[in-house]
Amino acid sequence: MTASSIKHHPAASMFPMMSEEQFQQLKADIIEHGQREDIVFSHDNLLVDGRNRMRACNELGIEPETCELMEETDIVAYVISHNLHRRHLSTNQRACVAAKLATLNHGGDRQSEEFKGSIDLSCQDDAATLLSVSVPALKRAKHVIENGSSAVVDAVESDQIKASLAYKFIGLCEGKRGQAKIVKEGVKAVRAYVKEKSPPKAKKKEAEPLIETNAEYTTEALVENAEAIEGLKSARNPVVVISKVLFGMTSEQVTSILLHCEQLQERKP
């Protein structure tokens, strides 16, 4: 039995392959301690769990130890429960798993013991919650998987490029050949491309200067001079002016200002 001749269950590819460093560590562990976990197959002979172990055994020339699931087993739930806590995945990688989970054609018993029917694995909200990622992160990862080249997807799943950056990159570089070429140059090349192709950000409009008036806005002037109060009305941003003045006043001075305002109102025809 060779790794290349084995057919995989769709759920088996939800979780990313090991990095080369991790794979070499797995091989070294198998040499020293033997194969710790069986490679798992479905009742119809599809590989469910253990892609990396199968590859390692093949390369080491070791006969792999395997087991078969019962026909009624919920394979999707099995894969999730056996990988979710065993694998140390980044937020980036968990978002990719959640995206695949939400779009996978689910079969089996949705009331299985693994989840006891508490979640709908095809629901984006539930898939995101299960993998501890946000729904927007799931949607970005889903867009990358569906629209990115295989090189982009591999880079995201191996945590070389963040899904958020890949999402922007794909929106600016639609051709998959072009995407693959740039991604092979590394994350710096991807960032540089996104920076170059992104539309310039709109400059923040500078605040317009206040219109000068003849009224003096000192505390004393406002308390004693009714014209100063009237002068605030001609300022471009009177709220700012008033707030600055009020912060420097005592409670007695604020009361005096209010009385002046009442008097001004009474004088109006």
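The legends below walk through several views of one predicted model.

**Figure 1. The whole chain in overview.**
Let's begin with the chain as a whole, which has 269 residues, 39% of them buried. Its secondary structure consists of 14 helices and three strands. If you look at contacts between residues at least 6 apart in sequence, 67% of them join residues at least 24 apart.

**Figure 2. The largest nonpolar core.**
Here we step inside, to a core of 49 residues. Which residues touch the most other members? They are M14, L101, L131, V152, F169, V183 and V190. Several helices each supply at least two residues of this core, including helix 3 (75-83), helix 5 (124-130), helix 7 (150-157) and helix 10 (187-197). Helix 4 gives the largest share, with seven residues. Apart from this core lies another one, of six residues, and I6, A12, I39 and L47 are among them.

**Figure 3. A close-up of F169 and its contacts.**
F169 is one of the residues that touch the most other members of the largest nonpolar core. Setting aside residues up to four places away in sequence, which residues does F169 touch? Its partners are V152, Q179, I182, V183, V190, Y193 and V194.

N83 has its place in helix 3. Is N83 buried or exposed? N83 counts as buried because its relative accessible area is 5%, and the cut-off for buried is under 20%. A polar atom of the N83 side chain lies 2.8 Å from the backbone oxygen of V79. Leaving out neighbours within four places in sequence, N83 is in contact with F15 and D49.

**Figure 4. Where to read the model with care.**
How confident is the predictor, on average? The mean pLDDT of the chain is 80, and 73% of the residues reach 70 or more. Over residues 106-119, however, the pLDDT is below 50, and this stretch has 24 contacts in the model beyond near neighbours in sequence. Residues 210-215 also have pLDDT under 50, and the model gives them 12 contacts beyond four places in sequence. Where pLDDT is low, the predicted coordinates should not be read in detail.

How values were computed. Residues numbered from 1 in each chain as written. Heavy atoms only, no water. Core = buried A, V, L, I, M, F, W, Y, C linked by side-chain atoms within 4.5 Å. Buried < 20%, exposed > 50% of the residue type's maximum accessible area, 1.4 Å probe, protein only. Helix = DSSP H or I, 4+ residues; strand = E, 2+ residues; numbered from the N terminus. Contact = heavy atoms within 4.5 Å. pLDDT = per-residue confidence, 0-100. Polar contact = N/O pair within 3.5 Å; in protein donor to acceptor, adjacent residues only side chain to side chain.
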